[in-house]
Amino acid sequence: MLIRYADDFVIAFQLSRDAENFYKALPHRLSKFGLEIAPEKTRLIRFSRFHPSRKRSFTFLGFDFYWSLDRNKQPRVRRRTARQKQRESMSMFTSWIKRNRSLPLSQFLETVKRKLRGFSNYFGLPDNSSSLNGMYSHVTSTLYKWLNRRSQRRSYNWKGLNDMLHWFGIRPMRIRKRDHVIIDWY
């Protein structure tokens, strides 16, 4: 099975010897086209429903993929935002809020709303609600800190901030049911 997006890909094999042969031949094959493998992103792992664990996981397109048991004790592939990607997103959000806090409040909060919607649209997948909750919590606490530094006096308490966020339609992110493809890897 091959899953590809732009220049990133994941290849799954049923037999380990097939995976090992492919892994050995890949650098030579790519060199014919002037391409190289990124060694820090390339590895050979056992990813099996018979060994569900977060230890045997891989990161692809900002998500960590791992096997886990569902409520019915059935193995299932799960996804969550990769920790590094989550930290980068939080850091970028913090620096953006800090740089732009002096904008008119309506313009500022509309942009915050769009940024949160973008994060939610990309990372809002089943099993990933803790990532969405963490991002929303981080953004609200960062807004509280930096909006209160816009003037010499404290402008908002938590209730006032939450009322203002509600007024501008900035609410906790939720995972919504939508049409999506579920891939079972066996």
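Predicted model: local features only at pLDDT ≥ 70, side-chain atom pairs only at ≥ 80, totals over all residues.
The angle at which H2 and H4 pack is about 25 degrees, and their axes are 10 Å apart. The handedness of the crossing of H2 and H4 is right-handed. On the H2 side, the contact involves Gln86, Ser89, Met90, Phe93, Thr94, Ile97 and Lys98, which meet Ser131, Gly134, Met135, His138, Val139, Thr142, Leu143 and Trp146 of H4. By class, the residues of this contact of H2 with H4 comprise 7 nonpolar, 7 polar and 1 charged.

Helix H2 also packs against H3, at an angle of about 170 degrees and with an axis separation of 11 Å. Because angles over 145 degrees count as roughly antiparallel, H2 and H3 are described as roughly antiparallel to each other. The H2 residues in this contact are Lys85, Gln86, Ser89, Phe93, Trp96, Ile97 and Asn100, and the H3 residues are Phe108, Thr111, Val112, Lys115, Leu116, Phe119 and Phe123. The contact of H2 with H3 is made up of 8 nonpolar, 4 polar and 2 charged residues. Gln86, Ser89, Phe93 and Ile97 of H2 are listed both in the contact with H4 and in the contact with H3.

The remaining pair among these helices is H3 and H4, which pack at an angle of about 165 degrees with their axes 11 Å apart. This angle makes H3 roughly antiparallel to H4. The crossing of H3 with H4 is right-handed. From H3, the contact draws on Leu105, Phe108, Val112, Leu116, Phe119, Ser120 and Phe123; from H4, on Ser131, Leu132, Met135, Tyr136, Val139, Leu143 and Leu147. The contact of H3 with H4 contains 12 nonpolar and 2 polar residues, and no charged residues.

Helix H3 covers residues 105–123, which is 19 residues. At 1.5 Å a residue, H3 should span 27 Å, and the separation of its end C-alpha atoms, 27 Å, agrees with this. Phe108, Leu109, Thr111, Val112, Leu116, Phe119, Ser120 and Phe123 are the buried residues of H3. The elements against which these buried residues pack are strands E4 (63–69) and E5 (75–81) together with helices H2 (83–100), H4 (129–147) and H5 (158–167). Phe108, Val112, Leu116, Phe119 and Phe123 are buried in H3 and take part in the contacts with H2 and with H4.

Helix H4 also has 19 residues, with 26 Å from its first C-alpha to its last, close to the expected 27 Å. Its buried residues are Ser131, Leu132, Met135, Tyr136, Val139, Thr140, Thr142, Leu143, Tyr144, Trp146 and Leu147. The cover over the buried residues of H4 includes E5, H2, H3 and H5. Ser131, Met135, Val139 and Leu143 are among the buried residues of H4 and are listed in the contacts with H2 and with H3.

Several loop residues were also examined. Asp70 and Lys73 both belong to the loop between E4 and E5. Asp70 has a relative accessibility of 18% and counts as buried, because buried means under 20%. When residues up to four places away in sequence are not counted, Asp70 touches Arg76 and Arg78. Lys73, by contrast, counts as exposed at 62% relative accessibility. The phi of Lys73 is near 65 degrees, a positive value in a residue other than glycine.

A positive phi is also found for Asp127, at about 80 degrees, although Asp127 is not a glycine. Asp127 is located in the loop between H3 and H4 and counts as partly exposed at 28% relative accessibility.

Arg150 is placed in the loop between H4 and H5. Its relative accessible area is 37%, and Arg150 is partly exposed. With neighbours within four places in sequence left aside, Arg150 is in contact with Arg101, Ser102, Leu103 and Leu105. Leu105 is also one of the H3 residues in the contact with H4. Arg150 is 60 residues from Met90 in sequence, and the C-alpha atoms of the two are 21 Å apart in space. Met90 is one of the H2 residues that meet H4.

How values were computed
Residues numbered from 1 in each chain as written. Heavy atoms only, no water. Helix = DSSP H or I, 4+ residues; strand = E, 2+ residues; numbered from the N terminus. Expected span 1.5 Å × (residues − 1). Buried < 20%, exposed > 50% of the residue type's maximum accessible area, 1.4 Å probe, protein only. Contact = heavy atoms within 4.5 Å. Axes fitted to C-alpha atoms, helices over the stretch in contact; angles between N-to-C directions. Left-handed = near helix turned anticlockwise from the far one by under 90°. Nonpolar A, V, L, I, M, F, W, Y, C, P; charged D, E, K, R; others polar. Parallel < 35°, antiparallel > 145°, perpendicular 65-115°, else oblique.
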